[in-house]
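I opened my notebook to get to know a new structure, one look-up at a time. Come along and check each entry against the picture.

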Amino acid sequence: MALFNSTTARFPPAMSMSMNPRDRPSDPLSRLRFALETMPGSRKYVFTPATRAEILSELYDAFWGQYAHMFLPLSNSSLPMHATLSQVQAELGFAGAGAAEDPVIPGRPCGHIFTKGESCFRCKDCALDESCVLCNRCFRASSHENHNVSFFIAQQSGGCCDCGDPEAWRQSLQCPYHPVLQEAEELSHAALNTPDTTPRTAPRSISEAEIPPVPNFPFRAPCPPELRDIMGRTIGYALDFLLDTLDYSPDEPTIPDNEADLRLQPSADPMQKDQYCVILWNDDKHSFDEVIQLLCDTTNRDRKDATAIAHTVDEQGREIIDMNANAGRLLEIALIISKIELGVTVRRAYDTFREQVAMVIIEWLVDLTRSRLGADTLVTREVIAAELLSPRRRESNIYGSGPQIPDLSADVPGAARIDWLFLYHTRLWKKPRMCLKEIYASILTLSHPHKIAVGSHFAAVYHRVIDAYLLVDREAETSIKYFALQLFTVPSVASYVVRHHDLVTRLLNIIINFFTNQIAEKRILKNTTASTDAGELDVESFPFKSKRFMPVFSDLRYLCHNQPVQRLIASNVSFIHKFAKVCQLFMCVHPNKRAATSHVEYETDAWISVFNVTLSLSRVIKVYGEAFAWATPSQLINAITTVVLEIITVCTLSNDKLDKNKFSAPAFHSVAFGDVEYTIIEFDVLEEWVSFHHSLHWLLAELLKHVDILSEESLLQVGVASVRDLFMRISTEPMILTMIDFPLRVLSMVAQIRSGLWVRNGFPIRGQLLHYRDFMLRELCYDQDLFILQTSLIILDPNTVFVSILDRFGLLQFFCGSVVHPVYEGVQLSSMVEEVLYVIITLLTEKASASKMPLPAAVRREIIHALAPGPCSYTDLVKRVAERFVDDVCFEHVLADVAHFRAPESTSDT
Ligand SMILES: [Zn+2]
Ligand SMILES: [Zn+2]
Ligand SMILES: [Zn+2]
């Protein structure tokens, strides 16, 4: 590689021409500042590879001042043009850079950052959850004999190897390169068991000053305080330049209506020069051919040029397709492009140029995260972290017009640069977004305090990130929202953000306000009270149709899955209060009424989005309920009481949750059965509205699975003799009957659908039934409803429950000897009898939930049941088993235990 002499390499002729040498400041940081500020004009807004090289060179010079020799071998006082520091260090083998084997440092995690296309390994047996991955080197070096191992190809850069992180693995991996320090492991386990504290309302993000230098690192190079200072100031300045630029960038691509509006667009240009760029943005909706053709048509390019641009847009996320002073013509081009809903912007060339500079800054920062100072591979990252976690030093731009700066002060008092970057992520395009993620990932692996700090800042702006993700972002795939996976699955981070940023409550509020469509100006309104009484659901509205909400539920699930968070949920009654409000919102949503005489004319597919939402919620219900395994008897009693009262309020129509046009207050009637009079609920499933969705009941079912906590002794302490007594103290028998009637109606509806009594309702009703009873999801809905009914046999007089079941199935008269039914005809009647017997047999014999069957036994039973009809392929098998069982680590081992695998003999063999 040819190395340039610093003086000739740094200032290409164009630069020296455009600049009066007397204006050039002498200290490197001022020089950098001067160069970046004057460049758009001096370069006539044309950004070339030489511009990039020049910016990089100024950045490095300012960064190391007179200490270049600490980053490069003595013989090289400067970097070659276009080269980056980490590349050069690796090529020259500087201070151990680029070595095949890094030195082994006990206590340091691997942290290898995956590049796109690299293979990543997962071990279900070793990993704490599915987010934990290993790089090739660590995977090969650790032992996974008889483990369930899979690998995948990284689709994006930015993930990192978790080897050596005691919070990521069930047991030490024994990777020879990344031994875990005994005390670190103990510390991480101790952190999991610390006593719980209540969540605080005032958020607290960790500042840079609170983070100690990374401990236990033997390769520290002496770093003069002056060097440390200029590294920090240069990075700080570069970050501020980046943020100052993004202040003016739009959140989403839109084009102004006319030339006057174009001129009024926010711009940092002190001259307000009429020079504009049209920029085409990437999306996942349009094909290459469409884009290429459009470019040929609108910009008079030949196919080859257009193809190159299309590829750049795909790889980088956007590209300038035209630049000149003819604003009218440029707007025309943009308008044509936007007609087919491609993202396009027209902005001042000055601002576009600055954004291109910002991209170089981001690339440079990525490079620094990979570079070393002598043998010290951490210090540059530490400095970047410190600057990211510090507030901006804002220099008000006195020339520009109307920057689009959101008000962060209410959410994050004293916001740090990283908060702004999270917020501005949507304003960037694919390439810089990926680079930023890589920078964040490289900081997470520095130390545990760094991880907590980044997590706390992410949590502080989380709801704004979600606003952008749900309501604004065109490129959801590279949204910073997905950073949550890396943070919320770490137990200590999850516990921190739940306690200090009240993130569970905030997520619940986001869900409530989003689905009740409390959205204004592309923001989900922020409600501090968890009241849902105001909001109403409209299943035909945007929130239900948007496909993006599911990851928001997943975030909640990741958080609540962590043991410290589970303990918090169990111990603090406000968690169940707030969650019950969310479940209440979706109670009895989208009910059905049997079409008795004529076919349903118009079939909407709203039921699909409704199922998507309630199934996402039911997965959260599962983990939320599981948290109560940690509850004390009185905590569990409180939770059950809360949920029961909430259900009764809804089911008796004491609040406005249920639509009074479809549901009415419970009515009772007296029936005689076997010489005894019973007073039970009066309800006809054939005539009235029934919904599949009873989120609160599902939550109650999950809570009731922990009744083993309620020993006789502990019940006596609160003054009741039994669980039955407990329920009678919470409410009354008629109310409990009302409560259980709702799941019972679903079971009866299911039986009727299966018996052909709902055929006129068409496909939607069959679709709903399939999802509700689907093997993979059954335990989230159908099984929960069955379990509620099963429990009611203990809480209430079982005879009353059985009579209610027969009545709801419309079979009371049949079982009294009347073999003719007014509605069920012929085979329908016998089918209904079969169905009710099936339900009763299940209620009496199914004991997995009631007896707390251990998971491996439950998995074993499920697999045997799934294979009982005969051999089937693995793919079919996992479809027949509840997803929770398939995901569990014991699944493959149990499968190997109970079944023989026969390899397929040909491609058609199943
Ligand atoms: Zn690794
Ligand atoms: Zn390793
Ligand atoms: Zn393993």
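My entries below go from the ground rules to a metal site, then to rings and backbone.

**Ground rules.** I am working with a predicted model, where local features need pLDDT of at least 70, side-chain atom pairs count only at pLDDT 80 or more, and totals for chains, interfaces and linings use all residues. Residues are numbered from 1 along each chain as its sequence is written, chains are lettered from A and ligands numbered from 1 in the order in which they are written, and side-chain values use heavy atoms, with hydrogens and water left out.

**An annotated span.** I looked up the UniProt record, an unreviewed entry, and found the annotation "domain: UBR-type" on residues 108–180. Such annotations may be inferred rather than shown by experiment, and their positions are given in the numbering used here. I found the end C-alpha atoms of residues 108–180 to lie 7 Å apart, with 8% helix and 14% strand in the span.

**The zinc ion (ligand 3).** Which protein atoms are the donors of this ion? I noted C123 (SG), C126 (SG), H144 (ND1) and H147 (ND1), lying 2.1 to 2.2 Å from the zinc ion. Donors here are N, O and S atoms within 2.8 Å of the metal (3.2 Å for Na, K and Ca); water is not among the atoms, so sites may look incomplete. The angles among the 4 donor atoms run from 103 to 121 degrees, and the site is tetrahedral (for four donors, all angles lie between 85 and 135 degrees). I wrote the spacing of the donor residues as C-x2-C-x17-H-x2-H. C123 is in strand β1 (residues 119–123) and H147 in the loop between α6 (136–141) and β2 (149–153), so this pair ties together parts that are 24 residues apart in sequence. Helices (H or I, at least four residues) and strands (E, at least two) are DSSP runs, numbered from the N terminus.

Are these two residues buried or exposed? C123 counts as buried at 2% relative accessibility, while H147 is partly exposed at 26%. The cut-offs are under 20% relative accessible area for buried, over 50% for exposed, and partly exposed in between (1.4 Å probe, protein chains only).

**Aromatic rings.** I counted 36 aromatic pairs. Rings of Phe, Tyr and Trp (its six-membered ring) pair if their centres lie within 6.5 Å; planes under 30 degrees apart are stacked, over 60 edge-to-face, and the rest tilted.

- F458 and F483 have ring centres 5.7 Å apart and planes at 85 degrees, so this pair is edge-to-face. F458 is in helix α17 (residues 448–460) and F483 in helix α19 (residues 483–488), so the pair ties together parts 25 residues apart in sequence. Both F458 and F483 are buried.
- F579 and Y624 have ring centres 3.9 Å apart and planes at 15 degrees, so this pair is stacked. F579 is in helix α25 (residues 573–585) and Y624 in helix α26 (residues 606–626), so the pair ties together parts 45 residues apart in sequence. F579 is buried at 0% relative accessible area, and Y624 is buried at 0% as well.
- One aromatic cluster is formed by F514, F515, F542, F544, F549, F553 and F586.

**Charges over rings.** The charged end of R392 sits over the ring of W420, 4.9 Å from its centre. The charged end of R548 sits over the ring of Y469, 5.7 Å from its centre. This needs NZ of Lys or CZ of Arg within 6 Å of the ring centre and within 35 degrees of the ring normal.

**Positive phi.** K522, not a glycine, has a positive phi near 60 degrees. K522 is in the loop between β6 (519–520) and β7 (523–524) and is partly exposed at 42%.

Conventions: Tetrahedral: all angles 85-135°; square planar, octahedral: opposite > 155°, others 65-115°.
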